Amino acid sequence: MNESGSDEIPGDDLDCALGQFKPEDRKYWCFLLSSLLTFFTGVLMVVACRLISCIFSTDQDERIHAGFINDAKEWAGELLSGQTKAGKALNVVVFVISITSQLIYFYDAQSGLVEKCIDDYPTSLKFDVSLNILFMAYFFMRFIAANDKLVFMFQLYSMVDFFTIPPSFVSLILGRIWIGLRCLRILRLNCFPEILQYLNILETARSIRLLQLVAMFMSIWWTAAGFIHLIENYGDPPFFDNKQELSYFECVYCMIVTMSTVGYGDIFPATLIGRLFQILFLVVGLAMFTTVIPEAMMLLGNRRKFGGSYKNERGKTFIVVSGHITFETVTSFLSDFHHADREDVDVEAVFLHPDEPELEFVGFLKKKYPRVRYFQGSLMESIDLERVQAESADAVVILTNKYCQFPDAEDASNIMRVISVKDYCDETRVIIQLLLYHNKSYLLNIPSWDESRDAVVCLAEFKLGFIAQSCLAPGFSTMMSNLFAMRADLSCPDRQQWQNEYLQGTGCEMYTETLSPSFNGMTFVQAAETCFVRLKLLIIAIEVTNEEGKSEIAINPQRVRIRNSTVGYFIAQDAEEVKRVVFFCKACHENVRNLNMIVKCKCALLKEQELDKKVASPRMPNSLSTVSTGNGFAIGAGSLNSHLSNHLLPTNIRYRPGHPETPSRTHDPDIQPISLSPFIPKLPTSLQKQLEIDFGFQRAEDQIEYKFDSTGIFHWCPARPFTDVLVSRNQISRMVLNSHVVVCIFAEPDGPLIGLRNLVMPLRASNLQYHELKHVVIVGCAQYVKREWETLQNMPKISVLNGTPMSRADLRSVNVNLSDMCVILSAKISNVEDPSMADKEAVLASLNINAMTFNKSDNQNMDFGTSGPQMRNGEVLGSRVRMVLTEVVNDSNIQYLNPDDDDEPGTQLYVTQAFATGTALAVSVLDSIMSTAYYNHQALTLIKSLISGGMTPELEIILAEGAGIQPGYSSQKLLDKCKRCKLSQISIAGSPLERFGSGGKYEDIFVTALKNHGILCIGLYRYLDTSENPNASTARYVITNPPGDFILHPTDKIFVFMPFTA
């Protein structure tokens, strides 16, 4: 009420309440003065403190004062940086109150508030004052944490606080509201990216920069709009007579039109200050508009098209594939990984790679969606691992670049990826592909690396291992390559007979399954016969348990009985065929002729209730962690003698001297006769003596006859200097070289090491008798071989000729025409620009050998006691050299190895004649091993053991130490490890199985060899042309696991697993 007692408001007060003032009644200067006084007072106080500190303080006072200040600064710094939970909470609170204060400002500005008197404080003012109290506390905290207080006073956010906090308290004193420069609070939007970084919400540089640009653009735009809103609604001082009423969002519209230089002219500033500000803002805003917007668009344009995250909504099993990801590697990997023969296994593949896929790749991904997904990212980034759910993946597969120029660097990169994955999720299974064998040792240094779960596929180990076994059994590399690769049977009537027979075998793969209880108590020989004759399956190995309770793989064991739930290793066309061994019941299926009728019977259903039956699957079982990785894998019978006494049979079923089919033997009175299998030709005494003289392998009386390494797996000899094995052309030409192995290697002196140890070690396996070891002659750059020699110096029967495989004189001096195998390798860096040139040396060397001619007198084989058919004519030609195995990097170059091959252009690699005959090994075939490692870890272990000659994890650890192969004391336990079966190739002609050669069936020779001699047959090696024409081709092709009714030819050779013979 007024003095008259009425409720009417006086005119001046009414105008003030409505925001209508006379020029002299406006109090804007009070609000501005409060800000300026606060600022200058603070600056003077800081300067005064510095002066007092410099003039009056002592060193002791400075130390005491500095200690207190430092403690306070450290406390405030920790809170502001968000390193603690309290600091993170503080940053969240500051961010929330900043947004809230801006919303209050938007509300007041949009409602037309500029300046007005108040009797009762509105809610918005009370709330704003409360927020400013918090801002003031935050200001003092930042002031304490600042290193330079004076510089802090002039910082942008300090100036914002000076012009926003004091006016709010002045409003309480004057009883009026002035919107003033509260728009400056919008500049705090620039803190938004920093706060999100403190909270670990923003982590990538791209997202941080993009948000910084957006925050800077919006804050400057909206702040400028707030200043125009104040000036235009207030007018020019001192008369304020040219104001115009504009809402805040009209000012926002005006500023964006000005900044973009569009200038519609519908809204424009009427005040002088507003126009001057717009001129200045046009310069700043235009510069910002032309820099910020393009940069933001570039960041948005560079947004990963294949970003996002993998969502396994259907709960399917999936793997993450990374490393060297290209269209070629992906299609090669998936063609085997998602092959139809994988039964019902439906595993999604999630590819992770930093680069965006090419258009062809994108089309492929669309066709394979949703089984194949692609995301841009890196295994080295934990955020990318989280995006693809690496912790939930069934495995992480890392592919390598087989054609890289620097293999060691490529392996190092992949090993780093393993470390990153294991650091993020140490329980996730990792399957890595490496190029060089010696880099495997670095994986053992990773604490969470588990060999029973994780797998490493070393291409050099497999490649050279395949080649080594092909030296013992030509064509074996082709057989093994086809076994671990999923391929369809492409045989058809339009093809030649040899092609159909070969292609029928390419459809075979290796599987693992659990034998049914009907096999319990059988010997392996009986089980193998039952599987082959009745179930049409080939079993080559089983899992046995040693005395330590650990599982070991026994290939063709001779004295082992099948126990309950024994896991077998089979060669079959598909997984459905192998299921027969699970359902086979001797009582119900004894007379069943239709294999499709062998299904689960009533007997099996009853036994399931009594037995804890474990059925193995094509994929790696969860119980693999219990499989032993120590002391090697038992291969054959001999290695089981010391561990499997509970499996021993009362009789030995192996071939025994005195058997009716045993050929007569003669004994030389001069030396102790060598005990040989009837399938291995005898060495005449004269030749044995000659070999001892020429090669320097004669034994001293105080030496042990056979020496092996500490694991008993390989032959060992004392280390020899490289100069002792380096021979000249004349020296090696005087040696008696026959049935040896010639290794032709193209390499520069400083070229990358390929690991020749992986080639020589399988040829020095201890299951071979010393006289059976083939002499290895390495032809190439001596300086390069010298770098490899440290890993070869403890292996016997090696010579090195410093020459070149392109020199015919060098090839003649090593009797390449009399060698059992001539291997052509290249250690040169591949030509990245033109991949077709990667094999130029290997192709030229192969053609060079094929074009050579030899004297017939140079081709007279020494009498090894063979009684086979007469050797075909044509040995004088290089093309008739017993075997030339060439390593090919580029698949298309295989067509140049033998121009006489009748392969059509575009023929798939494994269908070509060079690959079918085992005369070429392409590196690309090793890609399929990665799928085998995932689906069938046990089969991978079996393959590695086969090709390496029995390499054990124990020996790998020894080699990883870098000290080389160590000698072992020839104890009985060590010698027993030598008594394991071996891969071999025997001729039907001249052997005890000769009677089956003329029209006999493969099943008959399989059963006879197995029952009478303990020999397990796995395939045939047949002439392309079986005619009697003397000029017919001497090339042979591989027939893997032929059917039982397959008709044999007298010239056939058989791939076998032969028991150890002393």
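Predicted model: local features only at pLDDT ≥ 70, side-chain atom pairs only at ≥ 80, totals over all residues.
**Entry: the tally.** I started with the overall count, and it comes to 27 salt bridges. I then picked a few to look at one by one.

**Entry: Arg-142 and Asp-161.** I looked up this pair and found a salt bridge between the two side chains, with N to O at 3.0 Å. Arg-142 belongs to helix H5 (residues 123–145) and Asp-161 to helix H7 (residues 156–162), so the bridge ties together parts that are 19 residues apart in sequence. I checked burial too: Arg-142 and Asp-161 are both buried.

**Entry: Lys-316 and Asp-346.** Here I found a salt bridge whose closest N and O atoms are 2.5 Å apart. I placed Lys-316 in the loop between helix H12 (272–301) and strand S3 (318–323), and Asp-346 in the loop between helix H13 (327–337) and strand S4 (348–353). The pair links distant parts of the chain, 30 residues apart. Lys-316 has 27% relative accessibility, so I noted it as partly exposed. Asp-346, at 30%, also counts as partly exposed.

**Entry: Asp-820 and Lys-774.** My last stop was another side-chain salt bridge, this one 2.5 Å from N to O. Asp-820 sits in the loop between helix H29 (808–813) and strand S17 (821–826), while Lys-774 sits in the loop between helix H27 (757–760) and strand S15 (776–780). Distant parts of the chain are linked here as well, 46 residues apart. I noted both Asp-820 and Lys-774 as buried.

Definitions and conventions
Residues numbered from 1 in each chain as written. Heavy atoms only, no water. Salt bridge = Lys/Arg side-chain N within 4 Å of Asp/Glu carboxyl O. Helix = DSSP H or I, 4+ residues; strand = E, 2+ residues; numbered from the N terminus. Buried < 20%, exposed > 50% of the residue type's maximum accessible area, 1.4 Å probe, protein only.
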